[in-house]
Amino acid sequence: MMVISGQTVVCGIIGDPIEHTMSPAMHNAAFNALELDFVYIPFKVKSVELRKAVEGIRGLNLRGVNVTIPHKVAVMPLLDRIDPLAERIGAVNTIVNVGGILTGYNTDAAGFLQTLHDRNVATDGKKVVLLGAGGAARALGHVLTLEKAKLTILNRKQELSWAEDLAARISRNYKTEVKALELTPENLKKAMTYADLLVNATSLGMSPEIEATPVPAELLSANLTVFDIVYNPLPTRLLREAKAAGAKTIDGLEMLVRQGAASFAIWTAVKPPVDEMRAAALSLLQKNEK
Ligand code: NAP
């Protein structure tokens, strides 16, 4: 059982909304398992307060924070240093504070990559359809390109420029062609005819909108692997329908655990207790379902 003292090292997460975050459960379970004198706290931070919140990391001597919706991109200019991979991706989900110097990392990329490897998903030369162009999609797009996938990014019209910006950024960094298209029924249908791997990095299907799905069931088939990074609920409607179509399916839980474990290692320099982190996340998800 955790006892907070004057020596306890404080970590946390900044985002808005933050009420449904799984990260405090995962990280506090990990600190407890290893008897580390650390604690992890959620901080609801509105966009207009982001600058003050980042100053607060220094002012309150926090060890570090995770960064979630909607701050992963906006936080970057407020930091002192950015890890080269996070710089290329253009999004930060982890900040570490060493003597008042704040450095930004992207552990979504590592979490996604480890999950692909764990589940033996081949990407070299494979045609991948990536849905979304937000903070998480940026990391996924870079990982998939590094892993030599042939990438098509679809995002809704509202922010098509994000998809174009992401495709241009990847093409520039890796000298490879990436397509960016508007997420319309016609474009989706066409892209799905040649896809080997479908990755959902939109928030469609996330609780409480659990009946929403980014891809109609008739476009799913047994030749596909479908990776939905949404982890609440487990499985999403997209994964239920993909499974029914005979596709190989991967949910967002393992990526969540792996990105959290990578952040944990950055803050503590200790090997993360991945099994305890997974169990804590699963137990919270099951509790929320009741
Ligand atoms: P974000 O930056 O807010 O991006 C959200 C994306 O979803 C954008 O591309 C957005 O399109 C799209 N979108 C939202 N509503 C849509 C709708 N009704 N129709 C079509 N597209 C829609 O969020 P994020 O950080 O990338 O997170 C996205 C999802 O991934 C969330 O559910 C999050 O929980 C999950 N996630 C999971 C992990 C994990 O470890 N498993 C890690 C990170 C995120 P616009 O650009 O047009 O707004």
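Helix α9 (residues 253-268) packs against helix α10 (residues 274-289) at an angle of about 130°, the axes lying 10 Å apart. Because angles under 35 degrees count as roughly parallel, over 145 as roughly antiparallel, 65 to 115 as roughly perpendicular and the rest as oblique, α9 and α10 are oblique to each other. The contact (heavy atoms within 4.5 Å) involves residues including Leu253, Leu256 and Phe264 of α9 and Val274, Met277 and Leu285 of α10. By class, this contact of α9 with α10 comprises ten nonpolar, one polar and three charged residues.

The model is predicted: local features need pLDDT of at least 70, side-chain atom pairs count only at pLDDT 80 or more, and totals for chains, interfaces and linings use all residues. Residues are numbered from 1 along each chain as its sequence is written, and side-chain values use heavy atoms, with hydrogens and water left out.

Strand β5 (residues 94-98) is largely enclosed by the rest of the structure, because four of its five residues are buried (under 20% relative accessible area, 1.4 Å probe, protein chains only). Strand β3 (residues 64-67) runs antiparallel to β5 and is joined to it by three bridges; Gly64 has Val96 of β5 as its bridge partner. Five bridges connect β5 with strand β6 (residues 101-105), again in the antiparallel sense, and Thr94 is partnered by Tyr105 of β6. In the β5 and β6 hairpin, two residues lie between the strands, and Gly99 adopts a positive phi near 60°.

Thr184 lies in the loop between β9 (179-182) and α7 (185-194). Thr184 is buried, with a relative accessible area of 15%.

Technical notes
Buried < 20%, exposed > 50% of the residue type's maximum accessible area, 1.4 Å probe, protein only. Pairing = 2+ DSSP bridges. Axes fitted to C-alpha atoms, helices over the stretch in contact; angles between N-to-C directions. Nonpolar A, V, L, I, M, F, W, Y, C, P; charged D, E, K, R; others polar.
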